Amino acid sequence: MVEPLIVDRPHLQAPCQALLEAGAHPLLARLWASRGLTQADTHAWAHLIAPARMTHVQQAARLLADALAGQRKLLIIADYDCDGATACALAIRVLRELGADVDYLVPNRFETGYGLSPAVAELACQHPAGRPDWLITVDNGIGSIEGVAAAEAAGMQVIVTDHHLPGATLPQARAIVNPNQPGCGFPSKHLAGVGVVFYLMLALRAELRQRGKLPARQGPRLEALADLLALGTVADVVRLDANNRLLVARGLDNIRQGRMQAGIAALFAVAGRDPDHASTADLGFALGPRINAAGRMADMSLGIQCLLEDDPVRATKLAQALDAINVERRSREATMQAQAQASIQAAPVAGAASLCIWQDDWHPGVIGLVASRLKETWWRPTLAFAPDQDDTLRGSGRSVPEVHLRDALDLVSRRMPGAILKFGGHAMAAGLTLRRPAFEDFARHFDQAVRMLSGCDSFEPRLDTDGSLEFEFCTPEMADVLNRHIWGAGFPAPLFRDRFRVLHQRLLKGRHLKLFLERGPLRIDAIWFNHDQMLPDEIEAVYRLDNNRWGGRTQLQLLIEHAGATTARSPR
């Protein structure tokens with residue numbers, strides 16, 4: 001494990017004072033100001049960015065309205081992750097309420113790969129619900145040049161909704177709804193796939209009202225689907241800008257008030273989480289992985305069915321099936337992780353700027369998680385591979401902030417023509433298909449590309465904290481306030497940094513360190529998950545506030561993120 005550089009965020013006095021004068025809580029004012037806010041978030045629907053600002057959204061809405069009027073058959077082409085599943089479920093629910101003849105098809109990760117490929121277009125033609133007239137991609141399609149052409153050649157018209165970055169060429173679809181396509185003036189470039197679909201459904205409802213097909217202020221209550229919006233947005237780890245925070249806040253409000261899809265309620269139950277106190281952490285670390293497990297280990301159709309189910313009993317059975325798949329995923333991941341660490345220990349990587357690793361028996365649906373864990377442990381760009389087909393390897397990678405992973409793969413592909421069959425992704429995560437005999441040369445070229453693009457031979461993780469937490473805010477009430485707020489990618493949850501005396505410590509289940517700490521007048525329980533090494537009597541700890549609820553009681557505890565012997569602080 002590479003030791004992080006721990007740095008306190010600067011205290012920005014002017015925006016903090018402005019927030020205080022506007023009535024913000026003193027601690028929240030300090031946290032918000034350090035994250036770039038100059039005024040408190042407004043989570044009312046009235047502050048949502050208008051759909052009309054997104055390129056092609058009104059054109060796509062008109063095409064869909066015409067398709068509904070003509071009773072055309074629609075097919076959603078989904079993706080096999082949580083964002084794709086929630087986007088598909090949201091679209092299906094709205095379109096069916098509008099009377100559409102609509103079904104869905106989700107590509108199989110292991111057979112047809114990602115997105116609307118020619119193979120998926122052929123499957124669409126043979127769909128059990130009948131050959132569709134229209135295909136609507138959700139969370140995919142912006143790179144499906146050949147797939148869109150194949151669908152159109154087969155007599156199916158295509159609308160693309162996606163949020164991924166486009167390549168040099170766009171597919172020849174009838175409409176493309178993507179805030180990241182060239183020329184789109186939509187100010188929030190970080191919408192998840194489910195957010196893009198939500199905007200299209202808003203535009204479709206407005207179009208039908210304008211045509212007189214729906215009475216004014218009538219039609220599907222899209223705000224009732226905000227739980228799906230929140231789950232997909234958080235699970236896809238998109239940047240939580242102001243517009244995304246609004247979407248997530250509305251979804252969490254619905255969940256906390258008991259207004260959620262039966263499948264989401266069932267997922268909370270099987271995960272052992274309390275929806276009354278739902279947080280972004282619940283969505284990202286409890287519900288999202290259970291949906292994602294279906295796409296990683298089996299068939300994402302199971303996850304979509306769970307999100308579409310209205311009967312609580314059937315939803316519970318589907319959620320239990322997803323939970324069982326997730327248990328299998330965790331077991332497989334743990335085995336692969338141990339194998340990876342053993343392999344790295346056997347061949348030290350001290351001089352490498354990157355990691356590339358594979359084994360013959362690895363599961364292709366889990367390699368991205370292995371890459372993520374290895375990146376966190378060794379703090380360098382990491383690619384993990386599993387055997388694919390036709391003497392190829394399928395790889396999934398995670399990167400560090402200094403290295404744009406897709407750019408690194410692009411550079412290697414130009415240096416090794418024909419070795420990489422296909423690749424895609426973005427700065428922090430990417431995937432590729434590699435010819436197996438080229439692996440050793442690829443690893444060498446990838447390491448060179450990482451060094452060239454970053455100008456670095458090694459990388460140092462950085463842990464940004466919010467400095468010391470004032471004594472008066474170290475309370476269960478403040479923990480609840482913080483946990484109810486919207487934190488996530490680009491708007492990180494608060495981490496505090498203080499010195500403590502360790503009064504008592506012991507291991508739970510041989511792998512979690514349970515602590516009883518003293519700081520000034522405070523004595524507080526704490527836990528450091530997945531850490532089995534005892535600490536000295538005096539420590540400096542980076543931690544989160546949390547509440548431990550059991551037996552009808554609520555007790556404050558600290559969740560330790562990093563701790564060690566007391567040292568001089570890094571300057572703000």
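Ile 76 stands opposite Ile 136 in strand 4. The structure is a predicted model, in which local features need pLDDT of at least 70 and side-chain atom pairs count only at pLDDT 80 or more, while totals for chains, interfaces and linings use all residues. Residues are numbered from 1 along each chain as its sequence is written, and side-chain values use heavy atoms, with hydrogens and water left out. Helices (H or I, at least four residues) and strands (E, at least two) are DSSP runs numbered from the N terminus, and two strands pair if DSSP finds at least two bridges between them.

Strand 2 and strand 4 run parallel and are joined by four bridges. Strand 4 also pairs with strand 5 (residues 157-161), again in the parallel sense and over four bridges; here Thr 137 stands opposite Val 160. Between these two strands the chain passes through helix 6 (residues 145-153), and the resulting β-α-β crossover is right-handed, meaning that, with the strands pointing away from the viewer, the path from the first strand over the helix to the second runs clockwise. Strand 5 pairs in turn with strand 6 in the parallel sense over three bridges, and Val 160 has Ile 176 as its bridge partner in strand 6.

These strands belong to an open sheet of five strands, with parallel pairing and the order 3-2-4-5-6. Strand 3 and strand 6 (175-177) are the edge strands, each pairing on one side only. From one strand to the next the twist averages 20°, where axes are lines fitted to C-alpha atoms, for helices over the stretch in contact, and angles run from 0 to 180 degrees between N-to-C directions.

In a regular strand the side chains alternate between the two faces of the sheet. In strand 4 (residues 134-137), Trp 134 and Ile 136 point one way and Leu 135 and Thr 137 the other, and all are buried. Buried means under 20% relative accessible area, exposed over 50%, and partly exposed in between (1.4 Å probe, protein chains only).

Strand 16 and strand 17 (residues 553-565) pair in the antiparallel sense over 12 bridges, and Val 542 has His 562 as its bridge partner in strand 17.

Rolling a probe the size of a water molecule over the atoms shows where empty space is left. On a 1 Å grid over the protein atoms alone, a cavity is a set of points where a 1.4 Å probe fits but cannot get out, and a pocket is an open set with protein on both sides within 12 Å along at least five of seven lines; lining residues have an atom within 4 Å of a point. Grid points are joined across faces, edges and corners, and a volume is the space filled by probe spheres set on the points.

Two cavities of 30 Å³ or more are found in a search of the whole structure. The second largest cavity has a volume of about 40 Å³, and its lining consists of Lys 73, Leu 74, Leu 75, Asp 101, Val 102, Asp 103, Ala 129, Gly 130 and Pro 132. Strand 2 (73-77) and strand 3 (101-105) are the elements that give two or more residues to this lining. By class, the lining has five nonpolar, one polar and three charged residues; Ala, Val, Leu, Ile, Met, Phe, Trp, Tyr, Cys and Pro count as nonpolar, Asp, Glu, Lys and Arg as charged, and the others, Gly among them, as polar.

The second largest pocket has a volume of about 310 Å³. Of its 18 lining residues, Pro 51, Leu 202, Ala 203, Arg 205 and Ala 206 lie nearest the centre. Helix 3 and helix 7 (193-210) are the elements that give two or more residues to the lining of this pocket, and helix 7 gives the most, with eight. The pocket lining divides into 11 nonpolar, two polar and five charged residues.

Most residues other than glycine have a negative phi, and most peptide bonds are trans. Phi of His 56 is positive, near 70°. His 56 lies in the loop between helix 2 (26-34) and helix 3 (57-69) and is partly exposed, with a relative accessible area of 30%. Asn 530 has a positive phi near 60°; this residue lies in the loop between strand 15 (522-528) and strand 16 (538-550) and counts as exposed at 55% relative accessibility.
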